[in-house]
Amino acid sequence: MAKKNIVIIGSQWGDEGKGKLTDYLADKVDFVVRFQGGNNAGHTIVVNGKRFAFHLIPSGVVRGKTVVIGNGVVIDPRVLLHEIKSLEEAGIKVNLKISTKAHVIMPYHVLLDGVEDAAKGKYAAGTTKRGIGPAYSDKHMRAGIRMMDIVQPDVLREKLGYIVPIKQKILEIYGVTDRLDENAIHEEYVAFGSQLRQYLADTEYLLNEALDSGKNALFEGAQGSMLCVDHGLYPHGTSSNCVAQGASTGTGVPMKKMDYVLGIVKAYTSRVGAGPVPTELLDATGDQIREQGHEYGTTTGRPRRVGWFDAVTVKYTSMINGFDGICITLLDALEGIDPLMICTAYEHGNERMTRWIADTNFMKDCKPVYEQMRGWPKRTREEWRTTASKGYGTLPPEMRAYVERIQSIIGVPATFLSVGPGRDETIVLKDVFKD
Ligand code: IMP
């Protein structure tokens, strides 16, 4: 039987716990692949007591897997080199392949990020200021620098020659006084190129040939479907395709080779950055969920906005992604909160709807319609661990009812449940590698 290729996708606004599931499943694959986003993403993994914060390198690296950064990713070489160095210093072998076609985040992208976003006023996304949007803009304008360019000094020189003066002018329009030094940028990026050259590969050939020869891969989505530039709440999202289809365009591996799309569904809603969140809680319950769920950004440290579970949103993203199964995470973070609410529809004026509308001005006026569920009592970490080891039947009955309600509204079975950050706090309801 051929080994399965799995795509892991965030079903909400990111931070659903994809990193934990990726780490959990990485053991059973040959490759772990990133296909979109850049160092706006972030997840933390603890190996032998040492904590690693990854922003770019797929987390499978700590399991000795070959990790791939596909063409759909935007790479800040300084961040990538730092991650490689800290892993090597910890004695971890970095088996990394980077697409020659991946785009490079340049200094002017980072300088432009915050000011461009701020200029949008109420349409700002509250970006991570890592240069993600400006790098993707240049990609689509066909004015981007790719990994293959930083290992060809002459080509880089030619491209910077026409790009840098334009960027300087744009920076001036935004009132940024920093001077771009074309020679210094060239020198710095050529140096990055010479250090990263060893990892460059034609990753579309590498992956397709490997998968055709019976190896398998885990495609690790970053951010979440509601941040997708095409299907999310535009313009309050990121600049890449965070949905499952992005795994194909962002790697060159055809969709038909993806066997299973796993949607990661947080048991409530969280959001970093700006834009309407219909179920947002601005009260003490919101504060309690934020504390219990440790809802502070891995990349920026910003407190996350939190709210009740929004089934309208997740049903929509499930449709777009074609989830085969879902993993419901952070269930433990809702402990001690009773009652719990699930949003099953929105009211807009006199209209009630169960569809999600990708219009920010419309969404901001939508009021959630809630269904009330019973909450479950608090348990200690040790008790959650024991519960996870004993399986589904030992979960609090109220939690089982909550999980079953989510499955029935979304119409997709739960394959995993997560009641804590550790590997041993995971309940497996179905082996996704088996039919
Ligand atoms: P950018 O990706 O830095 O351009 O930010 C665009 C929007 O996406 C902002 O609202 C960010 O807060 C959000 N965002 C970007 N990456 C993540 C992530 O990994 N988790 C959650 N939100 C994110």
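Me: Hi! Which side chain does K266 join in a polar contact, and at what distance?
Reply: Hello! In this predicted model, the side chain of K266 makes a polar contact of 2.9 Å with the side chain of S270.

Me: Where does K266 sit?
Reply: K266 belongs to strand β11, which covers residues 260–266.

Me: Is K266 buried or exposed, and why?
Reply: K266 counts as buried because its relative accessibility is 2%, and buried means under 20%.

Me: Which residues does K266 touch, leaving out those up to four places away in sequence?
Reply: K266 touches Q12, D15, E16, E295, R304, F309, T329 and L330.

Me: Okay, new topic: the ligand. How many residues surround the ligand, and which are the closest?
Reply: The ligand is surrounded by 16 residues. The closest are N40, A125, T128, T238 and R271.

Me: How far is a polar side-chain atom of N40 from an oxygen atom of the ligand?
Reply: For N40 that distance is 2.8 Å. T238 also has a polar side-chain atom by a ligand oxygen atom, at 2.6 Å, and for R271 the value is 2.9 Å.

Me: Now the helices. At what angle do α2 and α7 cross?
Reply: Roughly 40°, with the axes of α2 (residues 77–89) and α7 (residues 182–196) coming within 10 Å.

Me: Is that crossing of α2 and α7 left-handed or right-handed?
Reply: The crossing is left-handed.

Me: And which residues meet there?
Reply: From α2 come P77, R78, L80, L81 and I84, and they meet E188, Y189, F192, Q195 and L196 of α7. Seven residues of this contact are nonpolar, one is polar and two are charged.

Note on methods:
Residues are numbered from 1 along each chain as its sequence is written. This is a predicted model: local features need pLDDT of at least 70, side-chain atom pairs count only at pLDDT 80 or more; totals for chains, interfaces and linings use all residues. Side-chain values use heavy atoms; hydrogens and water are left out. Axes are lines fitted to C-alpha atoms, for helices over the stretch in contact, and angles run from 0 to 180 degrees between N-to-C directions. Helices (H or I, at least four residues) and strands (E, at least two) are DSSP runs, numbered from the N terminus. A crossing is left-handed if the near helix is turned anticlockwise from the far one by less than a right angle, and right-handed if clockwise. Contact means heavy atoms within 4.5 Å. Ala, Val, Leu, Ile, Met, Phe, Trp, Tyr, Cys and Pro count as nonpolar, Asp, Glu, Lys and Arg as charged, and the others, Gly among them, as polar. Buried means under 20% relative accessible area, exposed over 50%, partly exposed in between (1.4 Å probe, protein chains only). A polar contact is a pair of N or O atoms within 3.5 Å; within protein, one must be able to donate a hydrogen and the other to accept it, and residues adjacent in sequence count only if both atoms are side-chain atoms. A residue is near a molecule or strand if one of its heavy atoms lies within 4 Å of it.
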